[in-house]
Amino acid sequence: MLIVDTVAVLLGGVLLLRFWMQATRVRPPSSVAQFTFQLSDWLVRPMRRLVPGVGGYDWASLLGAFLIVVLATSVRWFAGYPFDLIMLMALHRFLQWILYGFMILLVIEAIFSWVNPHAPLAPFVRALNEPILKPVRRVVPLVGNLDLSLLVALVLLQIAQLVLDMLFR
């Protein structure tokens, strides 16, 4: 079960990153692009025949991530879980992955800002976080020239995680 979940999280995370990069129109550094596309092309390319990109979004990547979650969760079927419960668990895990992905990106940006704001990947991560931080920055003012929007966004994502967990209990 651990191996299945680990592989699913890695592949699902890459598919969600691929979706988010295209949704935000952020061009990744070549190393990130090569890793992301090589790891996910085997699933995304055939799915694009069934689910074309509409509105500038790569729906095949998003649907692929959901299918990975469903496959990883369906292992519980062998333990006697009913199909409808497996699908609810898969939806819950999928939404968790999205929220955790945003949290991880925000933490990576915080680390870059403390350690090396001019690191080669820093502008890429900053661009991925911009759609999340922009609305928060409109509401949260600078405090003594300190931008707390990243911290506020992290707290809001954690609250969303708690609400999600309460809904799926």
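This is a predicted model: local features need pLDDT of at least 70, side-chain atom pairs count only at pLDDT 80 or more; totals for chains, interfaces and linings use all residues.

1. Eleven of the 15 residues of H3 are buried, so the helix is largely enclosed by the rest of the structure; among them are Leu-62, Phe-66, Ile-68, Val-69 and Val-70. The buried residues of H3 pack against helix H1 (2-24), helix H2 (30-50) and helix H4 (83-115).

2. Of the seven salt bridges that the structure holds, one joins the side chains of Arg-18 and Asp-41, at 2.8 Å from N to O. This pair links distant parts of the chain, with Arg-18 in helix H1 and Asp-41 in helix H2, 23 residues apart.

3. Arg-18 also meets Asp-58 in a salt bridge, at 3.7 Å from N to O. Because Arg-18 lies in helix H1 and Asp-58 in the loop between H2 and H3, the pair ties together parts that are 40 residues apart in sequence. Both Arg-18 and Asp-58 are buried, the relative accessible area of Arg-18 being 3%.

4. Arg-18, Asp-41 and Asp-58 belong, together with Arg-45 and Arg-48, to a network of salt bridges.

5. A further salt bridge, at 2.9 Å from N to O, is formed by the side chains of Asp-147 and Arg-137. Asp-147 lies in the loop between helix H5 (122-139) and helix H6 (149-167) and Arg-137 in helix H5, so this pair ties together parts ten residues apart in sequence. Asp-147 counts as partly exposed at 34% relative accessibility, and Arg-137 is partly exposed with a relative accessible area of 32%.

Notes. Residues are numbered from 1 along each chain as its sequence is written. Side-chain values use heavy atoms; hydrogens and water are left out. Buried means under 20% relative accessible area, exposed over 50%, partly exposed in between (1.4 Å probe, protein chains only). Helices (H or I, at least four residues) and strands (E, at least two) are DSSP runs, numbered from the N terminus. Contact means heavy atoms within 4.5 Å. A salt bridge is a side-chain nitrogen of Lys or Arg within 4 Å of a carboxyl oxygen of Asp or Glu.
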